[in-house]
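The sequence and structure come first.

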Amino acid sequence: MLKGGIIGLGKMGISHAAIVGAHPAVDFVAVCDTSSLVLDAFKKYTRVNTYSDYLKMFEKENLDFVVIATPTKYHFPMVKYALEKQIHVFCEKPFSLTSKEGAVLVEIAKRNSLINQVGYHNHFIGTFRELGRLLKANVIGEIFHFTGEAYGPVVTKEKGGTWRSRPEEGGGCMFDFASHVVNLIQEVIGRPTKINGALLKSIYSKGVDDAVYSLMTLENKISGVLLVNWSDETYRKMSTSLIIEGKKGKIICDATEIRIFLKDANEKEKLDKGWTTKYITEFALPVNYHLRGEEYSAQIDYFIDNIINKKQGTYNTFEQGFYTDVVIEMILDKAKQN
Amino acid sequence: MDKVLFGDNQFFAVNHVSDEKSRAQAIRFKDDSSIINVLDQAIDLGITTFMCTTHDRIANICDHLCADMEKYKDFKIFPCMPYAHKYANAVTELGIMGTIKQYVPGNIFGTFAKGGMAYLSKDFGKLMEIFIDAEMKMFKGIKTPVIFIQNVLVDMILGLRMYDIFAEYDEYIRKKYNAEPGYITMNMPALLDTLNSIGIKNPIICSSINKIGFRMAGGLTVYEKYLQEKEFRPIAMQVLAAGALGPNEAIEYLGKFPRIESVLFGASSKSHIKETKSLIEQYL
């Protein structure tokens, strides 16, 4: 049994705690948070040890791995400390506040041969996996352009309060919502190397952006746009999608379906000429415990399997999380120039 | 429980296979009257149970039902709480304490004495009761013989192994609302084992049941074994596996498990409601 702990019991942290707690290969031993209300709930209802100081938790518990789901500004010191103690780390996204910090963490994880993963869960949604496979199989020919979008109803009124409304702590739509899309683009289509234009807009928030619009070019010369708005209440929950346009066709993909348009039929892939729609039912990753969506369990299962097999995975490495931070900085820099 | 339970996902743009369909539903059910029209059609077809989330708009529907008690006298609601996205979005924006402050009626630290005390003494049982009462307010005057906790919460409590919360919930629902507690889950086998382990016998469990194993954590084989061998009152949902199965083959499959008491489904047109209802009555 692997001994696991969690730092940060907000929405993601509690969700991770349930997934880790349900995992048959894990002895979930410790949680750390600053909220006494949340810690008291763990004290009352579970046998998990509770801490308000992560250093104490690391000192007392002999952890094999830790899940870090604190506000972004704490990622760097916590991840660094864990890595130096030879503990495998799953860190929530975005990875770090600055790419400088992220680069240090990537280096330590590599040097200490520790399993590392960042929580960009879209890579564990079957439709996006299938999209990646179809693009590798070159079904739509030479790609010339993409659109990466995410919309959702997070901030729909003029008020603010938590760290999410403070840009210096990793708040705002760019860090929270747009980072998911940047990461998807980066891993599924290609790494952005040039930001041609960027606009960050505050709609309801003060001090942080509620929308991000950017035009970019990838390492493979593909161009695309990023359109993200977390103040859009026409969406019931966060909805992320990619549209990829190629010379032989086009693919529209989101978490529930993948629609493929081909100028000519592709026999090998059994895809007709014209439109083919495939649904998540065909691609959902099997999990033993399901909470909110299989992707959340699947990413933790993957992390734990990698620890057990002593082999770093290829999805959501620190290095990939770090590169997303690099792109975020490029977008922020470009937006400042406007 | 009725064999046929009419659900509400279609009214609130919950569609597990298509964001586009979801938007079309949001447009179609913009007005409460359009929801009521479909409910009336369901009632005309002989459906008497509506299983719904504690979405803000359900409060308006409840007002409508209460205003015409003669017409709706046989109509029951199975509330499912909480409407999770309301809270999830609030937690992202306001944090956990901020969310409690926003949704607990009155001021948790002051005017609402029960809540204030609950927080100060860290009495989580009381805090839960306050949330349940707040969510149940909209159903006052309506028959609610079964009251469910939504899968997000059930599965979270299950994963966190905070099993006593199930016992507290179970007791409170029976005592205060004179109703049967129900549990919605994506992890039916694990949940049933857990509930049995804390002394909750023969529970009402609503879970995905379909022959392709979609959203059935633990796998199809274990689900089928439990449906055949274990003592509980299953309700089948997501029977069409988000559209991957046709209604006939989907419901015929359910017929293999005599223990299944009810099927939860949602539809927007009278013909669909009629078709699904008659299939359920044929096979179950």
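Leaving aside residues up to four places away in sequence, B:Pro203 touches B:Tyr183, B:Leu195, B:Phe232 and B:Arg233. The model is a predicted one. B:Pro203 lies in the loop that runs between α9 (188-197) and β6 (204-208) of chain B. B:Pro203 counts as buried because 20 C-beta neighbours fall inside 10 Å, and the cut-off for buried is 20 or more. Between the C-alpha atoms of B:Pro203 and B:Glu20 there are 36 Å, with the two residues 183 apart along the chain.

Next, the helix pair. Helix α6 (residues 124-136) of chain B and α8(B) have axes that come within 11 Å and cross at roughly 50°. α6(B) is therefore oblique to α8(B). The crossing of α6(B) past α8(B) is right-handed. On the α6(B) side the contact involves B:Gly125, B:Met128, B:Glu129, B:Ile132 and B:Met136, which meet B:Ile165, B:Glu168, B:Tyr169, B:Tyr172 and B:Tyr177 of α8(B).

Turning to the chain contact, 41 residues of chain B are in contact with 38 residues of chain A. On the chain B side, α1 (19-28), α4 (84-103), α7 (151-160) and α8 (164-177) each supply at least two residues. The largest share, 11 residues, comes from α4(B).

The table gives the residue classes for both contacts.

| Contact | Nonpolar | Polar | Charged |
|---|---|---|---|
| α6(B) with α8(B) | seven residues | one residue | two residues |

Methods: Residues numbered from 1 in each chain as written. Chains lettered and ligands numbered in written order. Predicted model: local features only at pLDDT ≥ 70, side-chain atom pairs only at ≥ 80, totals over all residues. Contact = placed C-beta atoms within 7 Å. Helix = DSSP H or I, 4+ residues; strand = E, 2+ residues; numbered from the N terminus. Buried ≥ 20, exposed ≤ 12 C-beta atoms within 10 Å, placed from the backbone. Axes fitted to C-alpha atoms, helices over the stretch in contact; angles between N-to-C directions. Parallel < 35°, antiparallel > 145°, perpendicular 65-115°, else oblique. Left-handed = near helix turned anticlockwise from the far one by under 90°. Nonpolar A, V, L, I, M, F, W, Y, C, P; charged D, E, K, R; others polar.
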